[in-house]
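Hello,

Here is the structure I promised to send over. Have a look at it first, and then read on for what I found.

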Amino acid sequence: MLNIVIFGAPGSGKGTQSEKIVEKYQLNHISTGDVLRAEIKNGTELGKTAKSYIDQGQLIPDELMVNILASVFDSFEDSKGVIFDGFPRTIPQAEALKRMLQERNQGVSVMLDLEVPEDELMDRLIKRGQISGRADDNEETIKKRLAVYHEQTAPLKDFYKKEGIYRHINGLGELERIFADICAAIEE
Ligand code: AP5
Ligand code: MG
């Protein structure tokens, strides 16, 4: 099993690069953000709860997120592995992921950290907000998302360094160059 955590700040290119990885390595993709946005669109109870957090740029509570993740993970059949995009985002989520995979005799193969300067992140998300209209892509909410990332999510770099599977990727520049660096890290 090839289980990959794709990591990075809001706008770092997790979703964009995940699509390319999925195509090349035939993996299943879990984007917790996409899962939550689908629930919101469908007007479910979970969606209503999620919306109140997402619109504030805050994280959904860990326990809720971990349960959703496990049920999506277990829905895949004959999987060659999974790319986790936007999960884990807190230390308790990383510990829960480790436990969940251990219980299934699996583990995370590599954690890819897409690093992009903050002014570029802001530019990308503002632009996307103008085109796609994602509700959390406005300047005020983007700032909150970035602050939450630094406080709660960035500490996971050390968690995965200790696990010995951390790989830094320069996420600024051409899509294809970034993808080539990702493939090299995966195949290492
Ligand atoms: P989520 O959906 O995960 O959003 P995010 O982390 O804020 O990241 P984005 O999806 O905005 O960016 P991305 O890194 O995927 O970049 P993308 O490829 O789109 O989470 C949203 C919310 O859901 C959270 O705030 C939270 O409330 C909740 N949530 C989700 N997961 C959770 C969890 N585990 N626990 C608790 N709560 C959770 O690229 C961005 C833009 O840049 C695009 O327009 C793209 O075309 C462009 N772009 C990409 N690469 C490049 C490049 N190389 N050069 C130029 N432009 C580029
Ligand atoms: Mg995304």
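A word on naming before the tour: helices (H or I, at least four residues) and strands (E, at least two) are DSSP runs, numbered from the N terminus. This is a predicted model, in which local features need pLDDT of at least 70 and side-chain atom pairs count only at pLDDT 80 or more, while totals for chains, interfaces and linings use all residues. Residues are numbered from 1 along each chain as its sequence is written, chains are lettered from A and ligands numbered from 1 in the order in which they are written, and side-chain values use heavy atoms, with hydrogens and water left out.

Let me start with the loops. Asn105 sits in the loop between H5 and E4, and its phi is near 55°, a positive value in a residue other than glycine. With 76% relative accessibility, Asn105 counts as exposed (exposed means over 50% relative accessible area, buried under 20%, and partly exposed in between, using a 1.4 Å probe and protein chains only). Gln26, in the loop between H1 and E2, also has a positive phi, near 55°. Gln26 is partly exposed, at a relative accessible area of 49%. The loop between strand E3 (82-85) and helix H5 (91-103) holds Pro88, which is joined to Phe87 by a cis peptide bond with omega about 0°. As background, most residues other than glycine have a negative phi, and most peptide bonds are trans.

Next, the helices. In helix H3 (residues 45-54), the buried residues are Gly47, Ala50 and Ile54. They cover an arc of only 65° around the axis, which puts them on the same side of H3 (the arc is that of the directions from the helix axis to the C-beta atoms). The exposed residues Glu45 and Lys48 are on the face of H3 turned away from that buried side. Packed against the buried residues of H3 are helix H2 (32-41) and helix H7 (139-153), where contact means heavy atoms within 4.5 Å.

In H4, the buried residues are Met65, Ile68, Leu69, Ala70, Val72 and Phe73. Their cover includes E2, H2, H3, E3 and H5.

H9 has Ile178, Phe179, Ile182, Cys183, Ala185 and Ile186 buried. Seen down the axis of H9, these fall within an arc of 160°, so they line one face of the helix. E1, H1, strand E4 (110-115) and strand E5 (166-170) are among what covers them.

Finally, the largest pocket, which holds about 1,100 Å³ of space. Here a pocket is an open set of points on a 1 Å grid over the protein atoms alone, where a 1.4 Å probe fits, with protein on both sides within 12 Å along at least five of seven lines; lining residues have an atom within 4 Å of a point. Points are joined across faces, edges and corners, and the volume is the space filled by probe spheres set on them. Of the 49 lining residues, Gly11, Lys14, Arg128, Arg134 and Arg145 are the closest to the centre of the pocket. H6 gives the largest share of the lining, six residues. The lining divides into 17 nonpolar, 18 polar and 14 charged residues (Ala, Val, Leu, Ile, Met, Phe, Trp, Tyr, Cys and Pro count as nonpolar, Asp, Glu, Lys and Arg as charged, and the others, Gly among them, as polar).

Best wishes
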